Amino acid sequence: MNERSSKTPHPIPPPQAGEGGAHLPPPLLAGEGRGGGLAAQTPLLTARDLTLRFGRIAALDSVDIDIHPGEVVAIVGESGSGKTTLLRVLSGLMRPDAGEVSYLGQDVLGMTEAARRRLMRTEWGFVHQNPRDGLRMAVSAGGNIGERLMATGARHYGNIRDQAAHWLTRVEIDPTRMDEVPAKFSGGMQQRLQIARTLVTLPKLVFMDEPTGGLDVSVQARLLDLIRALVADLGLAVLIVTHDIAAARLLAHRMLVMRHGVVVESGLTDRVLDDPQHPYTQLLVSSVLA
Amino acid sequence: MSGYNFAYLDESTKRMIRRAILKAVAIPGHQVPFGSREMPLPYGWGTGGIQVTAAVLGPADVLKVIDQGSDDTTNAVSIRAFFRRTAGVATTESTEAATIIQTRHRIPERPLREDQILVYQVPIPEPLGRLEPRIAETRRMHAMADYGLMHVKLYEDIARHGHIATSYSYPVMVNSRYLMSPSPIPAFDNPKMDQMPALQLFGAGREKRIYAVPPYTSVKSLDFDDHPFRPIRAPHACELCGSRDTYLDEVLTDDVGGRIFVCSDTDFCSERQAVKEAAE
Amino acid sequence: MSVALATEGLSKAFRLHLQGDVRIPVLDAVDFSVAPGECVALTGPSGAGKSTLMRCLYGNYGAGSGRILIRHRGELVDLAAADPLLVREIRRETLGYVSQFLRVIPRVGAREIVAEPLRTRGVPAEAALTRATELLTRLNLPPRLHDLPPSTFSGGEQQRINLARGFAADYPVLLLDEPTASLDPVNRQVVVALMAEAKARGAALIGIFHDTEIREQVADRLFEVLPIQDAA
């Protein structure tokens with residue numbers, strides 16, 4: 001009766017690590033009239049003029065943001081700066097008072113809940129700060145990874161397990177632990193499992209909310225490096241909220257600095273950190289050791 | 001019996017329940033809330049099924065009640081007595097003679113007809129409940145047909161046991177749209193629900209939900225391509241009637257390990273025994 | 001003469017909001033140009049702004065005013081006005097930078113660090129790693145170190161990894177900030193040879209070389225960066 005070991009007839013080949021395919025030169029769009037416009041590209045996600053007030057507090061005040069394919073964008077700022085709110089609004093979890101969000105031309109705020117959920121389990125991913133919010137703690141690691149596949153129609157048990165083993169390996173978890181529940185895993189492993197569970201459908205855009213927030217410093221470095229490698233291999237676009245400047249420097253191509261619901265500065269990560277213009281950014285950078 | 005309205009419930013309550021039933025029939029597999037009443041027996045004894053039966057019962061109906069396939073267990077006997085006394089309807093143990101069959105945990109072996117109604121007693125109507133504790137979220141999952149999670153449960157079964165170990169309350173998709181719990185019938189009975197000529201009504205008293213499968217509706221058990229659904233029964237023949245294709249109960253016959261397997265459907269079994277005896 | 005990189009009226013000042021809003025001007029109307037196949041050495045006293053100019057040229061510091069023109073995909077593009085996406089594209093394809101210090105990424109081995117600029121251009125892993133091995137070997141980094149993360153390496157070893165990374169991708173424009181500072185004479189000559197080869201294939205080099213001997217060997221021209229009077 002035990003068919004677990006039976007060889008599956010047509011296993012889906014594990015997804016190929018993009019051989020730099022995500023880094024093909026962007027299309028040439030001449031005559032865009034902006035600094036040569038050689039890199040002009042259609043953004044994946046665009047938000048304009050997002051405004052949201054909680055009573056008298058402005059959580060978001062006329063925020064604009066674009067995220068391009070394969071681009072890692074960090075939102076930094078202290079607690080209460082509005083960065084997590086921005087993440088929730090952009091991913092459609094929360095409605096702003098005003099403004100618009102568009103994903104590949106689709107109006108995110110106007111789309112049906114069904115369409116948004118479909119995005120959230122296929123082309124989007126969300127990595128929570130606390131792995132318990134992103135994992136099913138009573139379901140095995142393999143089941144956690146397989147859920148998005150099954151939600152999108154995968155009906156071959158053997159293939160789902162092959163995929164689960166592949167993704168466990170990619171996030172550096174021994175695939176022989178596939179049938180253990182995440183409660184038995186360390187915090188860092190749980191967070192890596194959450195990432196595997198999110199990436200299994202090869203999303204285009206991943207939202208990350210303080211992914212290293214609750215972890216020991218030694219574990220943080222490993223996780224950040226893993227995220228860095230996966231993002232580069234898969235050509236993911238990532239919007240990462242963090243108050244960890246070092247994490248932003250390691251991962252992000254571009255960053256936005258938020259304070260009191262306002263984006264006070266944005267640009268290339270190394271330029272914002274090495275040549276900060278806004279008083280608040282200068283304060284933020286000067287408070288970081290090393 | 002004087003002092004009670006026909007079939008115990010007052011007419012406006014029955015109308016309310018019938019409206020819920022009509023809605024349930026219109027949306028096969030969808031759980032419709034209803035104002036479940038206090039009944040003169042505790043939750044878990046079939047209060048949902050009794051209210052549904054009371055709402056569809058007419059004076060000319062012939063009622064059969066089974067519990068685990070058997071007509072003569074306490075629950076079945078007392079519910080039959082209840083309707084005999086409050087509605088004065090005829091009752092029967094014969095599947096063929098009945099127009100309404102209220103059941104706990106079985107579907108009769110004899111195929112049902114278009115002029116029959118099968119009423120299930122349901123303890124837990126929400127198939128996703130054990131996996132997703134937030135009720136609002138399970139409602140959204142139904143609304144969006146977002147049912148990946150149910151396959152996660154079956155996946156976990158195979159991962160742990162090597163096969164799908166769910167042997168009762170085995171989840172089904174109704175009309176390719178709604179995920180539904182068939183109530184705790186054995187998975188063996190699931191195929192009988194598919195394209196059944198009789199109307200199937202489900203009542204959950206404590207959870208205050210009614211749902212339905214109209215006649216000739218597709219009911220498919222969830223499974224995997226490489227682990228297809230298999231109705232499971234004990235690999236024996238019935239000790240009494242010799243049947244090899246019915247659902248069997250294991251019965252201990254003494255206190256030294258003696259056991260026999262007999263049909264769980266007592267009516268079906270006695271019919272077969274009668275035919276066998278007549279042939280001899 | 002064609003231009004690989006040029007500045008027009010490039011000025012840069014720092015405003016330190018946390019120190020009473022003091023404004024420190026560093027570059028004032030710098031006009032400077034380098035042609036393909038040419039090596040220009042920046043000279044001038046320490047603190048005159050040579051490193052600031054280099055960082056502006058890389059887009060690491062924002063330009064205050066003026067233009068930074070770079071030939072990218074055959075067109076002259078103003079790097080000072082380019083959006084982050086375009087700056088990244090220019091850095092990926094056209095503009096390399098060898099700094100004095102290696103930014104170590106945890107757990108990533110030396111060979112991978114060197115191969116990375118090629119990988120981001122879409123060069124297959126194997127070819128990129130082969131090229132990385134060639135350069136590391138040429139710079140005399142012992143093979144046993146090739147796959148180790150360089151965080152524990154000596155300054156000279158890290159510098160050679162940085163150099164290999166800078167030369168791996170054959171950038172048309174390469175910025176070198178003290179590339180030989182912590183190298184021994186043998187490896188210094190390897191770097192001189194690498195720079196000569198880069199020039200020969202038409203790369204424009206801009207460097208800060210405190211080692212006058214090296215400067216004389218590689219520089220075609222000197223450009224003096226002078227300190228400006230404090231205007232505050």
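**Entry 1: the A–C interface**

I began with the interface of chain A and chain C, where I found eleven residue pairs in polar contact, both partners at pLDDT 80 or more. A reminder to myself: this is a predicted model. On the side of chain A that touches chain C, the elements giving two or more residues are α7 (217-234), α8 (245-251), β10 (262-268), α9 (269-274) and α10 (279-286) of chain A. I sorted that side of chain A by class and got ten nonpolar, 14 polar and 13 charged residues.

Next I looked up the extent of the contact. Chain A brings 37 residues to it and chain C brings 36 residues. The area buried between chain A and chain C comes to about 3100 Å², with carbon and sulfur atoms giving 51% of that.

How many salt bridges are there between chain A and chain C? I counted five salt bridges. I noted down A:Glu172 with C:Arg107, whose closest N and O atoms are 3.0 Å apart.

**Entry 2: salt bridges over the whole structure**

I then widened the search to the whole structure, and it returned 51 salt bridges over all chains. One that I followed up is A:Glu71 with A:Arg254, at 2.6 Å between the closest N and O atoms. This pair ties together distant parts of the chain, 183 residues apart: A:Glu71 is in the loop between β2 (57-67) and β3 (72-76) of chain A, and A:Arg254 is in strand β9 (residues 254-259) of chain A. Are these two buried or exposed? I found both A:Glu71 and A:Arg254 buried.

**Entry 3: two pairs in chain B**

I moved on to B:Lys192, which meets B:Glu109 in a salt bridge at 3.1 Å, N to O. Here too distant parts of the chain are linked, 83 residues apart, with B:Lys192 in helix α6 (residues 190-193) of chain B and B:Glu109 in the loop between β4 (100-104) and β5 (117-121) of chain B. B:Lys192 has a relative accessible area of 22%, so I logged it as partly exposed. B:Glu109 has 12%, so it went down as buried.

My other pick was B:Glu137 with B:Arg140, again a salt bridge, with 3.1 Å between the closest N and O atoms. Both lie in helix α4 (residues 135-143) of chain B, three residues apart, about one turn of the helix. B:Glu137 is buried because its relative accessible area is 14%, under the 20% cut-off. B:Arg140, at 36% relative accessibility, is partly exposed.

**Entry 4: where that pair leads**

Terms used
Residues are numbered from 1 along each chain as its sequence is written. Chains are lettered from A and ligands numbered from 1 in the order in which they are written. This is a predicted model: local features need pLDDT of at least 70, side-chain atom pairs count only at pLDDT 80 or more; totals for chains, interfaces and linings use all residues. Side-chain values use heavy atoms; hydrogens and water are left out. A salt bridge is a side-chain nitrogen of Lys or Arg within 4 Å of a carboxyl oxygen of Asp or Glu. Helices (H or I, at least four residues) and strands (E, at least two) are DSSP runs, numbered from the N terminus. Buried means under 20% relative accessible area, exposed over 50%, partly exposed in between (1.4 Å probe, protein chains only). Contact means heavy atoms within 4.5 Å. Buried area is the accessible area (1.4 Å probe) that two parts lose on being put together, summed over both. A polar contact is a pair of N or O atoms within 3.5 Å; within protein, one must be able to donate a hydrogen and the other to accept it, and residues adjacent in sequence count only if both atoms are side-chain atoms. Ala, Val, Leu, Ile, Met, Phe, Trp, Tyr, Cys and Pro count as nonpolar, Asp, Glu, Lys and Arg as charged, and the others, Gly among them, as polar.
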